[in-house]
Amino acid sequence: MSETPRFRETGGDTSTGLPQRRTGHAFAHTPHRSDGRTPQTPRGARHPDPGGRPGTTPPVPGRPATLLSASSAVSALCVVLFALTTWQVLVSGPLLVPDAALSRLLVRTVPDAVTQRLSDLGNVPVAVPVLLLAALYAARRGNRRGAAAAALAMALVPALIVPLKEWTGRPGPLEPWASGYYPSGHTATAYVAYAGAALLVRPYTRGRWPLFLAAALTALTATGLILRGYHWPLDVLASLLMCTPLLLGVRAVMRRRPRRSAPGR
């Protein structure tokens, strides 16, 4: 059998059969589609899908909706737990048994001189000025809506605490003859003042140290109130549950961007 030649030579062709570089093309091989279209769609010609799926332009952010749903879920949970603890206080339910046992275990285990100083962190003359200074600073930096929301949250604390104290009429750990200990006003004041101030200052600082500092001050206040015997642990927990939705509302107002007016208006 005769062997089929690999290359056909034409007259006057002195080529050795090696592939030659084509003129008019780039050095790198450019793939071609069988239908004659370009292999890639130009970036500027891409159109976003109706659903805004990944890979479309412009990207559709999903973070604000996620934050809103998470805040709503946390707020709803706090409201449910607060309603549960309030109901237990009103009916002297079984939840008060471990609450009283924990209080007897903790009261007066630390010198009163220490716990008194910690409890004083929740006094109005101590905590509220911190929030006012932070609100003035934030308003001067242009965050007037956040400052107003934080001030409103602080004003709602006594509006909620005072009626609840009169309604529940719970006696204190060391003063069973007195009433009006549920929920803890000092804990609510410290929580809203320090956490609200941290939310206002946080955008203008590096790191999350304002939030950590606010959490530490609130925890120290609550610990001092329990160890000193000023409040039951359930009183402190109820105040934290009640004020968390208020602070989440302040954060939501701060994250909300102002609407931009249409051109020409």
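## Terms and model

A residue is called buried here when its relative accessible area is under 20%, exposed when that area is over 50%, and partly exposed in between (1.4 Å probe, protein chains only). By that definition, Arg170 and Asp99 are both buried, and we will come back to them below.

The model is predicted, so to speak of local features requires pLDDT of at least 70 and side-chain atom pairs count only at pLDDT 80 or more, while totals for chains, interfaces and linings use all residues. Residues are numbered from 1 along each chain as its sequence is written, and side-chain values use heavy atoms, with hydrogens and water left out.

## Overall fold

The chain has 8 helices and 0 strands, where helices (H or I, at least four residues) and strands (E, at least two) are DSSP runs numbered from the N terminus. Of its 265 residues, 33% count as buried. A contact means heavy atoms within 4.5 Å; among contacts between residues at least 6 apart in sequence, 76% join residues at least 24 apart.

## The nonpolar core

A nonpolar core is a set of buried Ala, Val, Leu, Ile, Met, Phe, Trp, Tyr and Cys residues joined through side-chain atoms within 4.5 Å. The largest one here has 40 residues, and Phe82, Leu131, Met154, Val192, Leu200 and Met242 have the most contacts inside it. At least two residues come from each of H1 (63–91), H4 (124–140), H5 (144–168), H6 (185–201) and H8 (233–255), with H6 giving the largest share, 11 residues.

In H3 (residues 112–119), the buried residues are Thr115, Gln116 and Ser119. Viewed down the helix axis, the buried residues fall within an arc of 105 degrees, so they line one face of H3; the arc is that of the directions from the axis to the C-beta atoms. Ala113 and Arg117, on the other side, are exposed. The cover over the buried residues includes H6 and H7 (209–228).

## Aromatic pairs

Rings of Phe, Tyr and Trp (its six-membered ring) pair if their centres lie within 6.5 Å; planes under 30 degrees apart count as stacked, over 60 as edge-to-face and the rest as tilted. The whole structure has 2 such pairs. Phe82 and Tyr182 are stacked, because their ring centres are 6.4 Å apart and their planes are at 15 degrees. Phe82 sits in H1 and Tyr182 in the loop between H5 and H6, so the pair ties together parts 100 residues apart in sequence. Tyr182 is buried at 0% relative accessibility.

The rings of Tyr137 and Tyr204 have centres 5.6 Å apart and planes at 90 degrees, so this pair is edge-to-face. Tyr137 belongs to H4 and Tyr204 to the loop between H6 and H7, 67 residues apart.

## Salt bridges

A salt bridge is a side-chain nitrogen of Lys or Arg within 4 Å of a carboxyl oxygen of Asp or Glu, and the structure holds 4 of them. Arg170 and Asp99 form one (2.7 Å, N to O). Arg170 is in the loop between H5 and H6 and Asp99 in H2 (residues 96–106), so the pair ties together parts 71 residues apart in sequence. Asp99, Arg170 and Asp235 are linked in a network of salt bridges.

Asp112 meets Arg108 in a salt bridge (3.5 Å, N to O), and also Arg228 (3.9 Å, N to O). Asp112 in H3 and Arg228 in H7 are 116 residues apart.
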